[in-house]
Amino acid sequence: MSSLIGSLVPLFRRSFIQLTATRTYATPKAGGALGGSKKKKLGKLGPTVEKKVIPVETDTTRLVSYVCGSNVLKQGEDVKIQPDSEYPEWLWKMHVGAPLTLEEMDPNTKAYWRKLRRMALQRNNKLAKLKKF
């Protein structure tokens, strides 16, 4: 009888070691992580939504005389473009090109100092990133 027990002990140890060596992870539940609820079919980034087809205006006279797409209500019509004399003078003086550099800006304005502070913050952040612990 002792020989029978002696032969079973190595089998038991081997199977226990194999079990513990291979199962070092959590076993999944039978119903899934949500407890057996049905899963929705999702795309990679969430549920898929059908694209809306937006009509494009092709009438050239309407494109020249109206701001197409300015009416967001269900009723009414787009805003009609008026002559240049009807708009305020500051509208034509606005800077619409590339952003001004610090040298091109007036130091007596708030925008100059905001830009200077932003550039200093960006420089400090870049330098802090280079530091080692």
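Trainee: What does Lys 80 touch, leaving out residues up to four places away in sequence?
Mentor: Lys 80 touches Ser 65, Tyr 66 and Tyr 87. Contact means heavy atoms within 4.5 Å. Keep in mind that this is a predicted model: local features need pLDDT of at least 70, side-chain atom pairs count only at pLDDT 80 or more, and totals for chains, interfaces and linings use all residues. Residues are numbered from 1 along each chain as its sequence is written, and side-chain values use heavy atoms, with hydrogens and water left out.

Trainee: Which strand is Lys 80 in?
Mentor: Lys 80 lies in S2, residues 79-80. Strands are DSSP runs of E, at least two residues, and helices are runs of H or I, at least four; both are numbered from the N terminus.

Trainee: And Asp 78, buried or exposed?
Mentor: Asp 78 is buried, at 13% relative accessible area. Buried means under 20%, exposed over 50%, partly exposed in between (1.4 Å probe, protein chains only).

Trainee: Which side chain does the Asp 78 side chain make a polar contact with?
Mentor: That of Arg 62, at 3.4 Å. A polar contact is a pair of N or O atoms within 3.5 Å; within protein, one must be able to donate a hydrogen and the other to accept it, and residues adjacent in sequence count only if both atoms are side-chain atoms. The backbone nitrogen of Gly 69 also lies 3.5 Å from a polar side-chain atom of Asp 78.

Trainee: New topic. What caps the N-terminal end of H4?
Mentor: Thr 109 does. Its side-chain oxygen lies 3.4 Å from the backbone nitrogen of Tyr 112.
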